[in-house]
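Please open the model in a viewer and keep the sequence beside it.

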Amino acid sequence: MKNQLDTAILGGGCFWCLEAAFSQLKGVERVVSGYCGGHTDSPDYRQVCSGDSGHVEVVEISYDPALIDYATLLQVFFAVHDPTTLNRQGHDVGTQYASAIFYLDETQRECARRVIAQLDAEQIFDAPIVTRVESAPRFHPAEDYHQNYYAQNQQQNYCQLVISPKLAKIRRRFSHLLQN
């Protein structure tokens, strides 16, 4: 019998990067790329990329809390992107690339604030963390061609130059969390 799954919604730049990183972790059952936090009822990629919809590119992670907890997901999240740059990750610039944690309950909100405070206190980064911590509005799955993007497009330049190095970093730092 499977355990009840929990959900986390995180935005840290391009959702392709986050999806690839979280998909390799033990206890993560499903990762869906999508959009969250905007004011458009049915956003599409074009609207989100324009910055006019107010949405952030995010991943919705379904995970087994008996195998991986929310705080650990956040540790991976902060390792896979730069949470100190406002509305940008590398060459990806715009509000859709914001660092954001969309919490689903008060426990997640408190955990996010605690992890951020700990990372700031330990001065892990050269600048303060600017990650938004907001109550999760409706999650909108992205178009089908965005799902499992890295797995299906590993030879593309973006995947090779941006995603692959992030995955290598996760494999080194969190090898104990990886699926077999």
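Is Trp-16 buried or exposed? Trp-16 is buried, with a relative accessible area of 13%; buried means under 20% relative accessible area, exposed means over 50%, and partly exposed lies in between (1.4 Å probe, protein chains only). This is a predicted model, in which local features need pLDDT of at least 70 and side-chain atom pairs count only at pLDDT 80 or more, while totals for chains, interfaces and linings use all residues. Residues are numbered from 1 along each chain as its sequence is written, and side-chain values use heavy atoms, with hydrogens and water left out.

**Stop 1: the aromatic rings**

Rings of Phe, Tyr and Trp (its six-membered ring) pair if their centres lie within 6.5 Å; planes under 30 degrees apart count as stacked, over 60 as edge-to-face and the rest as tilted. Tyr-158 is partly exposed at 24% relative accessibility. Because Trp-16 belongs to helix α1 (residues 15–23) and Tyr-158 to helix α6 (residues 157–173), the pair ties together parts that are 142 residues apart in sequence. Helices (H or I, at least four residues) and strands (E, at least two) are DSSP runs, numbered from the N terminus.

How many aromatic pairs are there by this rule? The count comes to five. Next, select Phe-15, Tyr-35 and Tyr-45, which ring pairs link into a cluster.

**Stop 2: helix α4**

Now select residues 106–121, which make up helix α4. The helix has 16 residues and reaches 22 Å from its first C-alpha to its last, close to the 22 Å expected at 1.5 Å a residue; the expected span is 1.5 Å times one less than the number of residues.

Colour the buried residues of α4: Gln-108, Arg-109, Cys-111, Ala-112, Val-115, Ile-116 and Leu-119. Why do they lie on the same side of α4? They cover an arc of only 165° around the axis, which puts them on the same side; the arc is that of the directions from the helix axis to the C-beta atoms. An α-helix has 3.6 residues a turn, so residues three or four places apart point the same way.

Turn to the face of α4 away from its buried side, where the exposed residues Thr-107, Arg-114 and Ala-121 are carried. Then show what covers the buried residues, which includes β1 (6–12), β3 (56–63), α3 (70–80), β6 (99–103) and β7 (132–135).

At the N-terminal end, select Asp-105, which caps α4: one of its side-chain oxygens lies 3.1 Å from the backbone nitrogen of Thr-107. After the helix comes Gln-123, with a positive phi near 50°.

Select Arg-109 within α4. Its side chain makes a polar contact of 2.7 Å with the side chain of Glu-106. A polar contact is a pair of N or O atoms within 3.5 Å; within protein, one must be able to donate a hydrogen and the other to accept it, and residues adjacent in sequence count only if both atoms are side-chain atoms. Leaving aside neighbours within four places in sequence, Arg-109 is in contact (heavy atoms within 4.5 Å) with Tyr-103 and Val-133.

**Stop 3: the cysteines**

How many disulfides does the structure hold? It holds zero disulfides, a disulfide being a pair of cysteine sulfur atoms within 2.5 Å. Cys-36 is in no disulfide, and the nearest cysteine sulfur, that of Cys-49, is 16 Å away. Cys-36 is buried at 0% relative accessibility. The sulfur of Cys-111 is 18 Å from the closest cysteine sulfur, in Cys-36, too far for a bond. Cys-111 is buried as well, with a relative accessible area of 7%.

**Stop 4: strand β1**

Select Ile-9 in strand β1, which is buried at 3% relative accessibility. Ile-9 and Val-59 are 50 residues apart in sequence and 5.7 Å apart in space, C-alpha to C-alpha. Not counting residues up to four places away in sequence, Ile-9 touches several others, including Cys-36, Val-59, Ile-101 and Phe-139.

**Stop 5: the loops**

Finally, select His-91 in the loop between β4 (88–89) and β5 (92–93). His-91 is exposed, at 81% relative accessibility. Asn-87, in the loop between α3 and β4, has a positive phi of about 55° although it is not a glycine.
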